[in-house]
Each structure stands twice: as structure tokens, then as C-alpha cells.
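Subject: Structure handover

Hello,

Here is the structure I said I would pass on.

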Amino acid sequence: MTGENKGHKRDDEPSSGLSRRDFVTFTLAGLAAAAGSASGTDLPVIETDVDVKTSDGICDAVFIRPIKGSHPGVLVWHDSPGLRPVIRALGKRIAAEGYSALVPNLFYRAARAPVFDASFDYSNNPADREKYRRTVASFLAPGAAERDAVAYVAFLDAQRQVDKKRKIGTHGYCLGGAYIMRTAAVLPDRVGAGASFHGGFLVTDKPNSPHLLAPKIKARLYFAIASDDDKREPEVKNKLKEAFAAANVRAEIEVFPNALHGWCVPDSTAADNRADAERAWGKLVALYKLAL
């Protein structure tokens with residue numbers, strides 16, 4: 001957890017009850033032109049708390065979709081502070097663009113959401129840092145997120161509000177940013193697009209580093225990288241480019257020179273950069289409209 005957040009605050013039922021200047025590699029056709037703003041679509045949506053059955057237990061989540069019709073499914077991976085009102089609001093926003101979105105509590109193995117309360121202080125409280133370490137350990141365990149991704153997409157595909165003839169999209173923030181690659185790799189024929197916003201651990205020195213999954217990925221990808229993350233790890237964008245180019249993955253990697261880590265999440269201390277947040281959102285919407 002990077003301490004990017006100011007605080008940790010937090011109809012009809014679904015059909016099953018079972019939750020980082022450089023552009024490269026292959027630039028997504030039409031994406032840059034459409035990136036200035038979102039589509040302007042603002043469909044009324046329904047939000048339902050759901051339980052998703054996974055191989056490791058029951059994950060609490062929120063399923064958000066337009067009131068009418070069947071739409072492409074989207075899986076949202078939240079940031080370190082967990083599933084809370086601001087993340088639900090981001091889920092509502094993408095649903096209002098015409099998608100049926102599942103926003104799971106990634107830390108369900110430890111507790112139901114909200115996992116961290118408003119007093120949680122990772123930066124200054126050693127006990128809270130230890131709580132965070134214990135909380136995320138089971139989510140970070142090898143293979144856990146892949147198993148979860150399969151269960152989350154299966155949940156989406158079981159909903160009548162999800163158009164199973166269309167590809168699935170997935171996007172993630174901070175901690176969740178790397179898991180778009182794991183999702184696209186474990187379900188290559190189902191996932192059509194993925195986007196990472198100020199994602200962490202995209203490239204590591206471990207044999208299971210997400211970027212090494214590139215040969216398994218068929219989806220179009222977009223990575224929005226914060227300037228401070230790029231300054232700290234300048235090699236990440238280059239290794240992503242190399243991996244995707246070698247695997248012929250259609251991907252765009254963009255460093256936002258004026259944006260700091262967390263800028264796409266509204267309760268972040270970097271969230272005052274609204275212009276770049278809106279531009280990043282426009283990229284997401286354009287990607288989904290192109291690929292799903």
C-alpha cells in the first residue's frame with residue numbers, strides 16, 4: 001500500500017448468487033483520437049451487492065449494470081485500500097457507459113468489505129501496516145488471483161445482463177493494475193481488453209512476473225503510468241514494450257508526465273489532477289468501445 005488515499009471510507013437480483021510520454025508497441029487504432037473525453041453516455045444503472053462463489057470461498061462484490069438490456073461484461077480490480085464507496089462509484093461510471101460490471105472485494109479471504117476503516121493509517125501506524133500485510137497475503141499468493149478471475153468471469157457470464165457474445169473487459173488501479181494481465185492470460189479467448197491505471201508490480205524479477213504472461217494474452221491492453229512511478233522504476237515501461245512486441249500483443253504504454261501515483265482514484269491525494277484523470281478515463285472508454 002502506498003498511502004495514496006486520503007481515507008478508507010467506503011432491484012433486480014442477478015441470476016446466480018454465487019466479486020503505468022512514451023507510446024508504444026502497437027498503438028491502438030483510434031484510441032488516441034477518442035481519448036479526450038468519455039463517450040457522453042450516461043445510462044441509468046442498478047447496483048446490487050452479491051456473493052460470488054470462488055474455489056477459495058465466498059467473495060462479496062457489487063454487480064452494476066444498466067437498467068435495460070444485455071451488455072459486455074467488465075471486471076474491475078480495486079486498489080490497496082479495498083472495495084469502498086469511491087470504487088463502487090467508479091464501477092457505476094463504467095456501467096453507465098453501457099457495461100455490466102463486477103467489482104469484487106479482492107481481500108475477501110481476510111474479511112468482507114470494508115476491510116479498512118477511516119482510521120486506518122498505513123504510513124504512520126506499524127500495527128496498520130502489519131494488518132495490511134496479513135490482509136493481502138492470501139490475495140497475493142501464487143495462483144489465487146487467477147482462480148478468482150475465472151470465478152469472477154464465470155459469475156458475469158451467468159448473468160442475463162451480460163452479453164456473452166461480446167468480449168469481457170477488465171481494468172485495475174494501483175495494486176489491481178497488474179491483474180488485468182493475469183486475467184487476460186488465464187482467459188485469453190474470453191478477455192478482449194484490459195487497462196491498468198498507476199498499476200504496481202507490473203514487472204518484477206520473479207518467474208511469475210505479470211509481463212512474462214504476454215505470450216498467453218490475446219486482448220488489447222492500455223497502461224497509464226504515473227510520473228513518480230516511472231521515475232522510481234523507469235525500466236518498467238521498456239520491459240512491458242519489449243514483452244508485448246515480442247508476443248504481438250496490441251498494447252499502448254503511456255507515462256503521464258504531470259500525474260502522480262493514484263491520480264485516477266477520486267479519494268487519492270493525487271486526485272486533484274482532474275484533467276489527466278479524465279483523459280485516462282477517456283482512454284478506457286475508447287479501448288472498450290474498440291475491443292469489446
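This is a predicted model: local features need pLDDT of at least 70, side-chain atom pairs count only at pLDDT 80 or more; totals for chains, interfaces and linings use all residues.

Two of the parallel pairs can be given in detail. Strand 3 (residues 73-77) pairs with strand 4 (residues 100-104) in the parallel sense, over three bridges. Within that pair, Val 74 has Ala 101 of strand 4 as its bridge partner. Strand 5 and strand 6 also run parallel, and six bridges join them. There, Tyr 173 is bridged to Phe 197 in strand 6.

How many of the residues of strand 6 are buried? The count is seven of the seven, so strand 6 is largely enclosed by the rest of the structure.

Helices on the sheet

Largest pocket

The largest pocket holds about 430 Å³ of space. It is lined by 19 residues, and those closest to its centre are Leu 140, Tyr 179, Arg 182, Lys 206 and Asn 208. Helix 2 (126-140), helix 3 and helix 4 (179-186) are the elements that give two or more residues to this lining. Which helix gives the most? Helix 3 does, with three residues. By class, the lining has 11 nonpolar, four polar and four charged residues.

Backbone details

There is a cis peptide bond from Ala 113 to Pro 114, with omega near 0°. Pro 114 is in the loop between strand 4 and helix 2.

Two residues other than glycine have a positive phi. One is Cys 174, with phi at about 55°, in the loop between strand 5 and helix 4. Is Cys 174 buried or exposed? Its relative accessible area is 4%, so Cys 174 is buried. The other is His 198, where phi is near 40°. His 198 lies in the loop between strand 6 (191-197) and strand 7 (220-226), and it is buried, with a relative accessible area of 0%.

Gly 200 is in the loop between strand 6 and strand 7. With a relative accessibility of 16%, Gly 200 counts as buried, because the cut-off is under 20%. What does Gly 200 touch, leaving out residues up to four places away in sequence? The contacts are Cys 174 and Ala 178. Gly 177 is 23 residues from Gly 200 in sequence, and the two are 6.3 Å apart in space, C-alpha to C-alpha.

Regards

Methods: Residues are numbered from 1 along each chain as its sequence is written. Side-chain values use heavy atoms; hydrogens and water are left out. Two strands pair if DSSP finds at least two bridges between them. Helices (H or I, at least four residues) and strands (E, at least two) are DSSP runs, numbered from the N terminus. On a 1 Å grid over the protein atoms alone, a cavity is a set of points where a 1.4 Å probe fits but cannot get out, and a pocket is an open set with protein on both sides within 12 Å along at least five of seven lines; lining residues have an atom within 4 Å of a point. Grid points are joined across faces, edges and corners, and a volume is the space filled by probe spheres set on the points. Ala, Val, Leu, Ile, Met, Phe, Trp, Tyr, Cys and Pro count as nonpolar, Asp, Glu, Lys and Arg as charged, and the others, Gly among them, as polar. Buried means under 20% relative accessible area, exposed over 50%, partly exposed in between (1.4 Å probe, protein chains only). Contact means heavy atoms within 4.5 Å.
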